[in-house]
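Hi,

Here is the structure I said I would pass on. Have a look at it first, and then read my notes below.

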Amino acid sequence: MTTSGKCMQSRETGFASLIIAIVMVTVLSLLSIGFATLMRHEQQAALQQQLSKLAYYAAESGINDGIQAINAGFTTAKPNCDPVSGNQYLSNNVVDSSSSSSVKYSCLLIDPAPPDIKFSSVGRDDDDGKVMAITGVDASNNPKVIDKITISWSGEGLGPNFVPSSWFSNGTFPTDSNWKDSSGNAAVGVLRSQIVPLGTGSLTRAALTDNANTSYLYPNPAATGFTSTYSSPYSESKGTNAGKIYDGHCSAQKGPYYCSYTISGLAANNASSYLLRLDSLYHKSNVKIEVFDGLSGSQLRISGVQTQIDATGDARGTLKRIQVRVPTRSATYYPQSGIESMAGICKQLAVSPTYNNQNCTGLLYVPPTVPVAQLNPQNCHDPGDVVLDLDNSQSMAENWQVGSKLTKMKQVMQDFVDNTDVSSNNNHEAVLEFARATYVLQNMTSNTSALKSAIGGMQISTVFNTRYNLALNAAQTALQQGESRAGVKKILVFASDGLPSDDEDYRNALPSTILAITDQMKAQGIIIYTIAINTTANNVLLQAMSGNGGTFASATSEAQLDLIMNQIAGRISCPPDDSSTGPETGTPVTPVTTGPCASGGAYLWSHLEACGWPGPTNTGPIANTTLAVGVNGERDITTSNTTLQNETFSGNIVIGGTASKNVPVSNVTVKNVLLNFQGKGSAGNSAIRITSAASNVKIQNVRVVGGGKVHLCISTKGHDITIQAVDCSGTEDGLGSIDSSDMTAETASNMTIKDNYFHDFIPKEFNSPDYGSDGKTNNCKRSNGHVDGFQVAAGKNITLSHNTWNVTLNSRAYTVTPGDPNYVCPDTTDRKPYADGFPDSVMAIWSAYGDLDNVKVDTNLIAGGGFVFYAYDRSPSGDNPVGGYSTTNINIDNNRFSNYFYECIGTHGLYFYNTAQPYLGGPTDGWRRSGNTVIEKGLNVDSGNPKLKNNGTSVCN
């Protein structure tokens, strides 16, 4: 029995173990299933979270594409989700093309006229107040007369906290520190609104004085529920009654905008557009603006202020939607004040380009405006390490003539890389772009292709802000580290179209902070060039940033920017030291006929001096000469044996009398003079006028900068005249003797014109404000209306040798200041713009007022004109030249013509022909031509107009 009991107990124990094992396996299985389920849920959650992020980023991409399209000029509404065919930003909504379009934004809507305008962080005064031009439109975008404007607001970051209503009733406002609710919390602030009807879009003093409605909207807490009926008529608070306080009824039951007020009765102005300015006092506010129709009373949409962009991101069926508003860019800037300054203002009067600011600490002074051609590369610093620090902020997307500012800047900067001839000149360059952040697109290199590729790849930044401080710090690093070389000049070229900004730390955008960086760079020997691109907003700061041999320049057109960069390139790529160079003129005697100079084109025109031609560095006042500030106005020289030298002044020079009387005078020298002359807008007015009573006159090393209403750079009727190493720009004509009055038998005889640089001629007509209504119409008078490099209508023994003639109009655009009587405006009453917008000639040589004999045009560099040469007999008339005066012995030899600017050299050709005349419109005794070639083509042009038109298939005529 004992044995049998033991066996039974053993069997029972084994059975129990089996049960326990089964239970444990079951528990473990359940645990495994639970863990697997949990892991699957975690994976699904993680995937969903990842897809949610991808959808959000896809929606952000849609927002950015919308912003890019708007900056590139897309102004219409996009009311549906369909892509826009042909638009580079809106034609494809795929974000990740590698994932078979699984990540995209499924819908992008753009509304340039939303039903309301919303602002956050509206502050006080000029710091962060808002100024806008609002236009009310219907659903079809048709302007409608506005009758009411409703302004709703609440305190930024505040709940329904209001000051006691009693403060409104007694009209007493406390100090900032006491503007609190009954519990001591910061309270919703007072809004100041200013409304002016724009009417036709222009503002006048009368409109600002008499029609501006200024109201203070008080956040009065309501005793009962919210209502938006609180209003006042527009006419009640304008003119001398402006500045009334109104109850801007508020209620805690209505959010997120707790307060509301309506200005009514605007329909009396019959205007669809208004200038609206909002400031928030005591505390920043979030604001909503709505406008209503003057006829139906229905709510209108608002155009011209904000564009609403709505994007839905899709990542494998997971959707995220983002809606943002971006400012609508306007061609008109409405300033908030008459003078805006980021630093102190110190008043100082100056009457000359030089000044003394010893009593005006911190003043950033801009001298009187001098045309860009004045940027004269006196200091040569080759070789060098160059950093191109280029603005790619959102404003660079704005149109600039044809195409955006960024597109034009990229083209010019790529040409700059070519013109500096990086490899052969041992220059190294780097490319940086800056907006909110700064990126190194290309480190310091001598690889031309890499540099041009980096510039070509620049895109508009997708975020706002222009941080000069970060851009300068990055440039400083690039010039000191990496591949930067020891023993070479360090050069920064900094180009921007806007004022600096920094939304994270505004102090970094202050001029004092930025100038501290550039001062440090200058102390390290860095040469700084700064360029303002199509703006004047940042001229003062950019000028102060430049220095150490570098300069500031303002480019108001692509052609001007190209000119500036060409001149900077000329400083970086120095001309060779030529022992035959004259000590005064600085002009190489023999043009260079080898290397890149012999190929013409961009290299030639940006390296004139290095190629042996007169240019900006070897004409004008001699380098390092101190020019005293002379007396402004007309300088009459009526005494023989007179020398006028080493001066700069604003005015003109008359040699041999005044406007009313000629005085015999001889042996006169004008040397080392810088002459800024605005002109008089009349035919015959000249920066330098040599009368028929003058003889033995020498004009040498003079720079003439015309200001828009100057007919001739130099007018001469005297004899025995030498004009050498003169730099002329900003005039309608270069040199000439074309007036029939007070001529003598020796007029324009024995003249030598050599080693001069003629360029930047002004067009006959150019865009400028028509002052008309402001009483300045008489100041809009032009002078001659023709554009010619050289004109002579009678004379003998004239030599034009080794001059540079760039008679093109695309190398200078003039900025005309509204209301400034020193600038011209269109004269549409008796003169129409020249049909094809080009100049008339480089040289007009004809016998209109006397015989013309023995003219030698030898070894000149020539481009431009309508026809280059109008050399023909036109006496008694162009259609009947038989008899009368004659045009003889006109010799045109060994000249170099460039078709870099126009394919036909001039816009029509080289030589003017008139088939109505038996000798085809040439000189009386026929053409005398030898050794004349087109420099880019190596083509001889002695026999007539060449085949250059239509890619060399047609004759230019």
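**What I found**

Cys713 is buried, and so is Cys728. These two cysteines form a disulfide, with their sulfur atoms 1.8 Å apart. The link of Cys713 and Cys728 is left-handed, at -45° about the S-S bond. It connects distant parts of the chain: Cys713 sits in strand β28 (residues 712-716) and Cys728 in strand β30 (residues 727-729), 15 residues apart.

Before you go further, keep in mind that this is a predicted model. For the overall picture, the protein has 957 residues, and buried ones make up 49% of them. Its secondary structure comes to 12 helices and 48 strands. Of the contacts with a separation of 6 or more, 75% are between residues 24 or more positions apart.

**The other disulfides I looked at**

The structure holds five disulfides. One of them joins Cys81 to Cys107, with an S to S distance of 1.9 Å. At -75° about the S-S bond, the link of Cys81 and Cys107 is left-handed. This pair, too, links distant parts of the chain, with Cys81 in the loop between α1 (2-71) and β1 (103-111) and Cys107 in strand β1, 26 residues apart.

How accessible are Cys81 and Cys107? Cys81 has a relative accessible area of 36%, so it is partly exposed. Cys107 comes out at 11% relative accessibility and therefore counts as buried, since the cut-off for buried is under 20%.

Then there is the disulfide of Cys597 and Cys611, whose sulfur atoms are 2.1 Å apart. With -80° about the S-S bond, the link of Cys597 and Cys611 is left-handed. Cys597 lies in the loop between α10 (558-572) and α11 (601-606), and Cys611 in the loop between α11 and β21 (628-629), so the pair ties together parts that are 14 residues apart in sequence. Both Cys597 and Cys611 are buried.

**Cys259**

Is Cys259 buried or exposed? Its relative accessible area is 0%, so Cys259 is buried. Leaving aside residues up to four places away in sequence, Cys259 touches Ile151, Ser152, Trp153, Phe162, Val188, Pro219, Gly248, His249 and Cys250. Take Val188 from that list: it is 71 residues from Cys259 along the chain, yet their C-alpha atoms are separated by 8.8 Å.

**A helix pair**

Last, one bit of helix packing. Two packed helices are described by the angle between their axes and the distance between the axes. Helix α7 (residues 468-480) packs against helix α8 (residues 511-523) at an angle of about 15°, and their axes are 9 Å apart. That angle makes α7 roughly parallel to α8, because angles under 35 degrees count as roughly parallel. The crossing of α7 and α8 is left-handed.

Which residues make the contact between α7 and α8? From α7 come Tyr468, Asn469, Leu472, Asn473 and Gln476, and from α8 come Ile514, Ile517, Thr518, Gln520 and Met521. By type, the residues of this contact divide into five nonpolar, five polar and no charged.

That is what I have for now.

Cheers

Notes. Residues are numbered from 1 along each chain as its sequence is written. This is a predicted model: local features need pLDDT of at least 70, side-chain atom pairs count only at pLDDT 80 or more; totals for chains, interfaces and linings use all residues. Side-chain values use heavy atoms; hydrogens and water are left out. Axes are lines fitted to C-alpha atoms, for helices over the stretch in contact, and angles run from 0 to 180 degrees between N-to-C directions. Helices (H or I, at least four residues) and strands (E, at least two) are DSSP runs, numbered from the N terminus. Angles under 35 degrees count as roughly parallel, over 145 as roughly antiparallel, 65 to 115 as roughly perpendicular and the rest as oblique. A crossing is left-handed if the near helix is turned anticlockwise from the far one by less than a right angle, and right-handed if clockwise. Contact means heavy atoms within 4.5 Å. Ala, Val, Leu, Ile, Met, Phe, Trp, Tyr, Cys and Pro count as nonpolar, Asp, Glu, Lys and Arg as charged, and the others, Gly among them, as polar. A disulfide is a pair of cysteine sulfur atoms within 2.5 Å. Buried means under 20% relative accessible area, exposed over 50%, partly exposed in between (1.4 Å probe, protein chains only).
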